[in-house]
Amino acid sequence: MNRDDIAAFVAASRGAPRLMGVDLGTKTIGLALSDVGRQIASSLETIRRVKFTPDAGRLAELCGRHQVGGLVIGLPLNMDGSEGPRVQSTRSFVRNLKPILPLPVFFHDERLSSAAVNRMLIEADTSRARRGEVVDKLAAAYILQGFLDVMRGLLEADEDSLAG
């Protein structure tokens, strides 16, 4: 993750106070929202995928309603860090989304996000049916929170280097 890329995304997304995390799956799209201070991510909604146009329309509607300035999209890299077909599909979705929703986008590594969320839900003794209902939006929150933590750490390090 490049410090300059994060700084450019933060600057470009200042038009509105919140960020939205997106966990793009083949059947669903998990969504999460940051607070206006961009410190805490909370799960928002799971969109059942139908076709691109209604999916993108719902995403645009939610971004407008919640004053979203940028999207943090989970990038499903392979465990070795290489890009496979799921990454290509994600990048294609974002490319097609740009004309409909012209917000800045940051791709954040999502490896093991769903596994971590599932493990947490199992430990909380959540039923299999309930896990299926919430895992995608919680994975989006996990991805967004990971980005917010990295972003905050980099920004604080930059402030420290300027002060010192």
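Contact here means heavy atoms within 4.5 Å. By that criterion, and leaving aside neighbours within four places in sequence, Asp 136 is in contact with Asp 23, Thr 28, Gly 30 and Thr 46. The model is predicted: local features need pLDDT of at least 70, side-chain atom pairs count only at pLDDT 80 or more, and totals for chains, interfaces and linings use all residues. Residues are numbered from 1 along each chain as its sequence is written, and side-chain values use heavy atoms, with hydrogens and water left out.

**Overall fold**

- The protein has five helices and five strands, where helices (H or I, at least four residues) and strands (E, at least two) are DSSP runs numbered from the N terminus.
- Along the sequence these elements follow the pattern α-β-β-β-α-β-α-β-α-α.
- The radius of gyration is 16 Å, close to the 15 Å that the globule rule gives for 164 residues, so the protein is as compact as a globular protein of that length. The radius is taken over C-alpha atoms, and the rule is 2.2 Å times the number of residues to the power 0.38.
- Taken along the principal axes, the C-alpha atoms fill a box of roughly 50 × 40 × 35 Å.
- Among contacts between residues at least 6 apart in sequence, 65% join residues at least 24 apart.

**Surface and burial**

- Of the 164 residues, 41% count as buried. Buried means under 20% relative accessible area, exposed over 50%, and partly exposed in between (1.4 Å probe, protein chains only).
- The accessible surface comes to about 8700 Å², and 52% of it belongs to carbon and sulfur atoms. Areas come from the Shrake-Rupley method with a 1.4 Å probe; for residues, only the protein chains shown count as cover.
- Ser 127 sits in the loop between helix 4 (113-123) and helix 5 (128-163), and is partly exposed with a relative accessible area of 42%.
- The C-alpha atoms of Ser 127 and Lys 98 are separated by 37 Å, although the two residues are 29 apart along the chain.

**Charges and salt bridges**

- There are 21 positive and 20 negative side chains, and the centres of the two sets lie 7 Å apart. Lys and Arg count as positive and Asp and Glu as negative, while His and the chain ends are not counted. Each charge is placed at NZ of Lys, CZ of Arg, CG of Asp or CD of Glu.
- The whole structure holds seven salt bridges, each being a side-chain nitrogen of Lys or Arg within 4 Å of a carboxyl oxygen of Asp or Glu.
- Glu 45 pairs with Arg 58, with the closest N and O atoms 2.7 Å apart. Glu 45 is in strand 3 (residues 41-48) and Arg 58 in helix 2 (residues 52-65), 13 residues apart.
- Arg 58 is partly exposed at 24% relative accessible area. A network of salt bridges links Glu 45, Arg 58, Glu 61 and Arg 65.
- Arg 91 forms a salt bridge with Glu 83 at 2.8 Å between the closest N and O atoms. Both are partly exposed, Arg 91 at 29% and Glu 83 at 46%.
- Glu 110 and Arg 86 meet in a salt bridge of 3.5 Å, N to O. Glu 110 lies in the loop between strand 5 (105-109) and helix 4, and Arg 86 in helix 3 (residues 85-97), so the pair ties together parts 24 residues apart in sequence.
- Glu 110 is buried at 8% relative accessibility, whereas Arg 86 is partly exposed at 48%.

- Asp 136 lies in helix 5.
- Asp 136 is buried yet has no salt bridge; the nearest side chain of opposite charge, Arg 48, is 5.0 Å away.
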